[in-house]
Amino acid sequence: MSGTNNRPNPGGNRGGAGFGGGGHFGAPVQKAKDFKGTLKRLLRYLKPHRLNLIIVLIFAIASTSFTIAAPKIMSHAMNKLQDGYMAKMMLEKMTDAQKAAVDQIDKQMKQTQNSPNISSTPQQAKVNPETAKAIQEFIKLPMLDTVTDANQKADIVKKMLDLSKKMPSQERSGAKNVKLTQDQINGAVKAIKETNGKYDFQYIGKIALVLMGMYVISACFSLIMGLVMSGVAQKTVRDLRMEVDKKLAKLPLKYFDSHPHGDILSRVTNDLDTVANTLQQSLTQIITSVITIIGYIIMMLTISPILTLIMLVTLPLYVVTTAFVAKKSQKYFASQQKELGALSGHVEEMYTGHKIVKVFGKEKDAIERFEAINKNLYASGWKAQFISGMMFPLMNFVSNLGYVGICIVGGLWITKNLLGLGDILAFIQYSRSFTMPIAQTAQIANVIQSTVACAERVFEILDASEEIPESPDAKVIEFPRGEVRFEHVDFRYKEEVPLIEDMNLVVKPGQTIAIVGPTGAGKTTLVNLLMRFYEINTGKISIDGVDIRDMKRNDLRKMFGMVLQDTWLFNGTIKDNIAYAKQGATMEEIVHAAKAAHADHFIRTLPDGYQTVLNEEATNISQGQKQLLTIARAILADPTILILDEATSSVDTRTEVLIQKAMSNLMEGRTSFVIAHRLSTIRDAEKILVMNKGKIIEMGNHRELIAKGGFYAELYNSQFTGQNLAADII
């Protein structure tokens with residue numbers, strides 16, 4: 001169908017949930033008329049899969065929780081490394097300081113002993129009792145390089161640092177560069193107790209194994225979640241697609257006449273695909289994104305509430321940035337879609353009608369029109385892509401502002417030993433990753449809005465008025481004879497515009513009824529009413545005395561065979577296309593029908609004969625050959641009532657004569673309705689109905705109507721005199 005070429009893409013950005021590739025924050029989306037109502041209705045289709053959805057939720061929480069907890073667990077390993085490094089450096093410095101201080105005290109004591117004018121001890125000569133006591137305690141401390149116990153080392157270091165404050169600068173000259181705050185002293189002492197000045201690679205290895213295990217389990221949970229959600233999505237859309245398919249079978253012909261085929265096809269394919277993709281991808285993404293946002297905030301609060309506050313201060317900037325870009329780019333994306341549609345339409349028109357364009361020398365106009373549309377598309381597309389492309393840089397800028405604040409405050413707290421290096425690194429990782437789930441949530445909100453709009457279009461099909469229900473005590477005509485009666489039939493497509501009024505007609509079994517008249521007279525409508533494609537407003541149509549409304553439509557239509565002016569053949573072999581009319585048809589029956597329709601000869605000239613495969617549009621055979629195949633199909637059906645709607649309009653005159661002979665044999669003993677514009681083809685009809693404006697204005701055979709000299713005679717003679725009576729007909 002040509003209608004499928006310009007199908008809209010309701011999914012908008014369904015190619016990806018992020019900002020890369022084809023997805024953009026500012027891309028326009030369809031908006032549902034009743035968002036809440038349609039969303040609730042769509043969610044009702046998920047109710048049968050509640051258990052699976054609970055499993056998806058559990059695995060989503062578990063998988064995301066492992067991912068969220070990983071940086072915090074990793075921070076423990078980093079803190080352990082930091083403690084080991086700090087303890088090692090502290091012990092080395094304090095060991096050197098202790099040796100230097102002891103050497104200095106020993107040196108001074110020797111100088112005092114060698115000088116007769118100085119007191120026996122330096123403490124007595126130069127220091128007060130408190131300082132002397134501190135020096136004595138310092139000397140009595142075990143040397144750090146001789147101690148192996150971590151707690152004892154920590155106590156010695158703490159004692160040394162406390163005593164050094166009471167000792168003269170000369171005695172602590174070796175430790176004068178060890179200047180620490182009380183928080184740093186406490187942190188160092190704690191680190192020595194925990195690590196003994198060594199790197200705990202065993203602990204770090206355990207952390208690494210735990211992280212690897214968590215990532216493996218998280219990946220497995222994500223895989224299970226994806227598999228379960230895929231099943232839920234596909235089963236849900238399968239049920240919805242089956243419901244739509246059943247609904248389409250129940251819709252009256254007027255629904256298809258009033259809706260473009262391309263639009264219906266788009267609803268059944270594109271819109272349902274959008275719903276499936278959203279259920280499979282976006283639903284799990286929004287669950288994991290929300291859990292991730294909450295989890296990140298909780299983990300950041302456990303590390304530092306103040307740093308978390310700094311991070312959250314940037315959130316309003318994200319909202320402002322997103323709203324700004326979306327608002328600015330929306331109109332350009334809408335313009336881009338409009339120009340793209342215009343360009344597609346122009347290209348399709350020019351290439352499908354390129355012969356006419358060349359005949360009238362309009363190539364230059366076509367090129368100029370293309371260039372104008374292409375220029376507008378370039379302008380709109382460039383602006384849309386540029387503005388939407390600003391989203392990442394702006395969000396990175398906002399993210400970097402928070403990053404700078406976190407680094408400054410975090411760095412100061414590390415120097416004061418208020419936070420470990422691993423804590424700051426974990427917090428930075430959380431803050432840098434915090435923007436991604438926010439962006440995904442905003443993008444998914446866009447996708448969900450389009451999805452609900454697509455679902456609403458599908459639900460419009462499901463809510464459409466169906467055909468009148470079949471009669472519970474439906475009648476079946478076992479051996480139909482083909483008597484047709486119209487009794488006081490009224491019909492109108494629109495309530496305010498009457499078409500057929502008080503039609504009365506009796507067709508006896510085996511009669512051939514030709515229906516002629518100008519365009520819009522109601523010829524095809526009469527046939528549609530007979531087959532219950534449309535329901536009459538008042539009156540009665542009966543076959544063999546049975547009201548067609550008391551019969552099942554399927555049983556009714558089995559009595560009819562149709563050959564239409566618009567041929568319909570499907571992608572398959574010629575044999576299958578002819579056999580479409582009769583289930584289980586033998587090859588002999590198919591060939592017999594083809595010969596009766598004068599199609600056997602051209603079929604056998606094809607390379608594969610009856611096994612020749614027709615393509616989708618059946619363009620590998622001519623229009624006349626397609627018509628012959630549809631006639632063969634009608635012959636094979638062997639119907640009680642035959643309907644021919646300009647069945648020979650696409651064949652040459654010689655073939656038409658042959659088909660007319662075949663049709664005469666086919667119509668023998670059958671009730672036949674022949675709709676024709678070329679009146680020369682229906683001269684042998686037993687009864688001719690001349691219709692105009694929904695009414696039968698003349699009735700009789702060809703000779704009677706010509707002799708009458710009325711509307712039919714005038715219409716018939718005009719085809720031979722070349723007179724144009726269109727104005728009179730109108």
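A residue counts as buried when its relative accessible area is under 20%. By that criterion, in this predicted model, 7 of the 8 residues of helix H17 are buried, so the helix is largely enclosed by the rest of the structure. The buried residues of H17 are Lys 523, Thr 525, Leu 526, Val 527, Asn 528, Leu 529 and Leu 530. Just after H17, Arg 532 adopts a positive phi of about 60°.

The sheet is open and consists of 4 strands in the order E2-E1-E4-E5, with antiparallel pairing. Strands E2 and E5 lie at the edges, each pairing on one side only. Helix H17 packs on this sheet and touches E1, E2 and E4; the direction of H17 makes about 110° with that of E1. Strands E4 and E5 run antiparallel and are joined by 2 bridges. Ile 543 has Val 546 in E5 as its bridge partner.

| Strand | Residues |
|---|---|
| E1 | 484-491 |
| E2 | 500-507 |
| E4 | 538-543 |
| E5 | 546-547 |

A helix pair is considered next. Two packed helices are described by the angle between their axes and the distance between the axes. Helix H9 (residues 261-303) packs against helix H16 (residues 435-462) at an angle of about 150°, and their axes are 7 Å apart. Angles over 145 degrees count as roughly antiparallel; H9 and H16 are therefore roughly antiparallel to each other. Their crossing is left-handed. The residues of the contact between H9 and H16 comprise 15 nonpolar, 10 polar and 5 charged.

Definitions and conventions
Residues numbered from 1 in each chain as written. Predicted model: local features only at pLDDT ≥ 70, side-chain atom pairs only at ≥ 80, totals over all residues. Heavy atoms only, no water. Pairing = 2+ DSSP bridges. Contact = heavy atoms within 4.5 Å. Axes fitted to C-alpha atoms, helices over the stretch in contact; angles between N-to-C directions. Parallel < 35°, antiparallel > 145°, perpendicular 65-115°, else oblique. Left-handed = near helix turned anticlockwise from the far one by under 90°. Nonpolar A, V, L, I, M, F, W, Y, C, P; charged D, E, K, R; others polar. Buried < 20%, exposed > 50% of the residue type's maximum accessible area, 1.4 Å probe, protein only.
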